[in-house]
Amino acid sequence: MTTPMELFIKKMQDLLQPGEVYRMDGSQEEAERLTNLAQESEVDGRIVLKKLNAQEYPNSYYHRSNPNDVARTEHLTFVCTPTKEQAGPNNNWLEPSAAKEKMMRLLKDAMKGRTMYVIPFVMGTPQSRYAKNCVQVTDSVYVALSMRVMSRVGKQAVERIGNSSDFFRGVHSIGDVNPDRRFIMHFPQENLVMSFGSGYGGNALLGKKCYSLRIGSYLGYQEGWLAEHMIIIGVQAPDGKVTYFLGAFPSACGKTNLALLESVLKGYKVWTMGDDIAWVNVGEDGQLYAINPEAGFFGVAPGTGVNTNPVMMKTLKNDKFFPTLFTNTAVDNSNNTPWWEGVSKGVPSDLTDWQGQKYDKNSSKSAAHPNSRFTVSIYNCPTLSSEYDNPMGVPISGIIFGGRRRSTIPLVYEAKNWNAGVFTASIIGSETTAASTGQVGAVRRDPMAMLPFCGYNMGDYFRHWLDMGKKVKNPPKIFMVNWFRKDEDGKFMWPGFRDNSRIIKWMIDRVEGKTGVVESEIGLFPEDNAIDLNGLDIKKETMAKLLRVDKEDWKKEIVMIEEFYAKFGDKIPKELNNCLAELKNKLGM
Ligand code: GTP
Ligand code: SPV
Ligand code: MN
């Protein structure tokens, strides 16, 4: 009998007409073979991988992409549900058969003379009942190697799939890397994604944003769970107790740094579970549990250094599981190491920039692309939680939401209950970053940090969040943070990074009921001196500014929130409209 998986591979072969078919087994030996091959292959006019200094960065490789292909392309990303309403105003939509026709035209014969890599993989630890089976085909060896780091590739996936037809299907071809012929099409009803014309992370590693978030969120809506753009961390207190948090921040707004945080507070330690995606289920005991479906980090390089993120610097130098890839950073030619702004104090004198040009120190442009990234296995992380491979996941006590805002949003506040928390998350606004093409620094609504990743109508998504709250016995506390407030001189008011442990400690105290709160118009603030600022040089006035409601700013915020809500018409649950009305009332609007 031909299995559904074999049928799928055969169908792809017929469509794509590859010169060769290679099936990935996920072994270390295979990684060696493919990295060797990639050092000899040219794709899109570039050598795919270059080996970096093995003393400094063992088993690490450098990849430079086409300059037109350095970030997610939201305007070319579609959710193709039967009706436009199902996809919602938060998604680009195309009618499924029209979308498929378009993609079939692009994909037909797309792999002529190329190798088709068949990647069977599992998202989640294979022993978990929350894990999901997937198969992606791709003609990019860079994508194949990245998938190996980011997910569990190989035998276990093939075994789990067996004769079943219940697996995600992903079709990817890098095509000719032409932005005019680039699309990322999602078919949630068919558990299918077709992606053409880009080799970039979120566009091409289909297990990540495409499956684990867009398709995943749709599955979660159907099956009663949540797929979220969230980190998972366990924070150990001096008494040894570990409290688990989820944390949602838009792209390039601090997730990876928080997930690998080295606390500045004595006795507190962060254990890393995940840095980008969480699948959240209600466990048998009625508590909320989370697993990380991924197996690696695809992290922003700029800003990562021994002072800001020492744990990531250590991770990047481990090679227990390899390879580690650096994409679109600069290269320091003096010692053949990857370089980016923030990794060292000075700028090396012999630097090649991310486009392969000699870097001029006086240039106003950065040497590394602002969205340059590393791809590294989570097993190389020295703070990996012992619960990482726990098939049930970890029980969640708090959910942290955040955004990047120079003004308006305080450093931290707490929602008074689950529904108020859902409202607070639904009104998140954040300044756009280089993680997606287009304008950087423009404030846009990004509810739950899921605007680019929710695979269905966000009005329904809000309703689903409210319903989840009803199913959970002790709903976690919900917090809102903003590490990115700036003063009149444009300087960050809060030191951020490792000092964020001070805010996390306060949250643990709140979870344990050890400290009270002060009510405000928007939520609950810490009591005076409740945040441990020991050893931190920050003015009292600065803290006061960071922890107050700027009413005039908030009135402007309300206008933006109402505009956003209006797009969803009567899909906005009445609970959220009530919260909005109450907030307006408190602000005197
Ligand atoms: P994605 O991988 O795109 O989802 O991003 P992310 O949310 O994981 O963001 P990441 O932690 O990689 O941080 C993005 C950028 O914000 C980097 O340049 C960091 O250096 C910077 N950053 C992270 N945390 C802080 C902070 O607490 N304060 C300040 N000022 N910058 C931060
Ligand atoms: C993001 O943009 O949120 C990322 C990187 O985590 S990507 O995988 O490209 O989506
Ligand atoms: Mn992300």
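**Strands, rings and a metal site**

Modeller: Let us start with a pairing: strand 26 and strand 30 (residues 477–481) are joined in the parallel sense by 5 bridges. Bear in mind that this is a predicted model.

Colleague: What makes strand 26 and strand 30 a pair?

Modeller: Two strands need at least two bridges to pair. Strand 26 and strand 30 have 5 bridges.

Colleague: Which strand is joined to strand 26 by 4 bridges?

Modeller: That is strand 15 (residues 242–248), and it runs parallel to strand 26. Here F245 stands opposite G398 of strand 26.

Colleague: Why is strand 26 called mostly covered?

Modeller: Buried means under 20% relative accessible area. In strand 26 (residues 398–402), 5 of 5 residues are buried.

Colleague: How do you know that both faces of strand 26 are covered?

Modeller: In a regular strand the side chains alternate between the two faces of the sheet. On one side of strand 26 sit G398, I400 and G402, and on the other I399 and F401; all are buried.

Colleague: Now the metal. What coordinates the manganese ion (ligand 3)?

Modeller: K209 through NZ, H229 through NE2 and D276 through OD, at 2.1 to 2.5 Å. A donor must lie within 2.8 Å of this metal, and the range of 2.1 to 2.5 Å meets that.

Colleague: Why is the site of the manganese ion (ligand 3) called irregular?

Modeller: The site has 6 donor atoms, with angles of 65 to 172 degrees among them. Six donors count as octahedral if opposite donors are over 155 degrees apart and all others between 65 and 115. The site of the manganese ion (ligand 3) is classed as irregular.

Colleague: How are the donor residues of the manganese ion (ligand 3) spaced in sequence?

Modeller: The pattern is K-x19-H-x46-D. K209 lies in helix 8 (residues 207–223), and D276 lies in the loop between strand 16 (269–274) and strand 17 (278–282), so the two tie together parts that are 67 residues apart in sequence. K209 and D276 are both buried.

Colleague: On to the rings. How many aromatic pairs does a search of the whole structure find?

Modeller: The search finds 21. One of them is Y22 with Y117.

Colleague: What makes the pair of Y22 and Y117 edge-to-face?

Modeller: Ring centres must lie within 6.5 Å, and planes over 60 degrees apart count as edge-to-face. The centres of Y22 and Y117 are 5.9 Å apart and the planes are at 65 degrees, so the pair is edge-to-face. Y22 is in strand 1 (residues 20–23) and Y117 in strand 7 (residues 115–123), so this pair links distant parts of the chain, 95 residues apart.

Colleague: Are Y22 and Y117 buried or exposed?

Modeller: The cut-off for buried is under 20%. Y22 has 18% relative accessibility, so Y22 counts as buried. Y117 has 5%, so Y117 counts as buried.

Colleague: Why is the pair of Y461 and F462 called tilted?

Modeller: Planes under 30 degrees apart are stacked, over 60 edge-to-face, and the rest tilted. Y461 and F462 have planes at 45 degrees and centres 6.1 Å apart, so the pair is tilted. Both residues, Y461 and F462, are buried. Ring pairs also link them with Y221, Y456 and Y565 into a cluster.

Colleague: One last label. Why does P126 count as buried?

Modeller: P126 has 14% relative accessibility, so P126 counts as buried; the limit is under 20%. P126 lies in the loop between strand 7 and strand 8 (132–138).

Definitions and conventions. Residues are numbered from 1 along each chain as its sequence is written. Chains are lettered from A and ligands numbered from 1 in the order in which they are written. This is a predicted model: local features need pLDDT of at least 70, side-chain atom pairs count only at pLDDT 80 or more; totals for chains, interfaces and linings use all residues. Side-chain values use heavy atoms; hydrogens and water are left out. Donors are N, O and S atoms within 2.8 Å of the metal (3.2 Å for Na, K and Ca); water is not among the atoms, so sites may look incomplete. Four donors count as tetrahedral if all angles lie between 85 and 135 degrees; four count as square planar and six as octahedral if opposite donors are over 155 degrees apart and all others between 65 and 115; anything else is irregular. Buried means under 20% relative accessible area, exposed over 50%, partly exposed in between (1.4 Å probe, protein chains only). Rings of Phe, Tyr and Trp (its six-membered ring) pair if their centres lie within 6.5 Å; planes under 30 degrees apart count as stacked, over 60 as edge-to-face and the rest as tilted.
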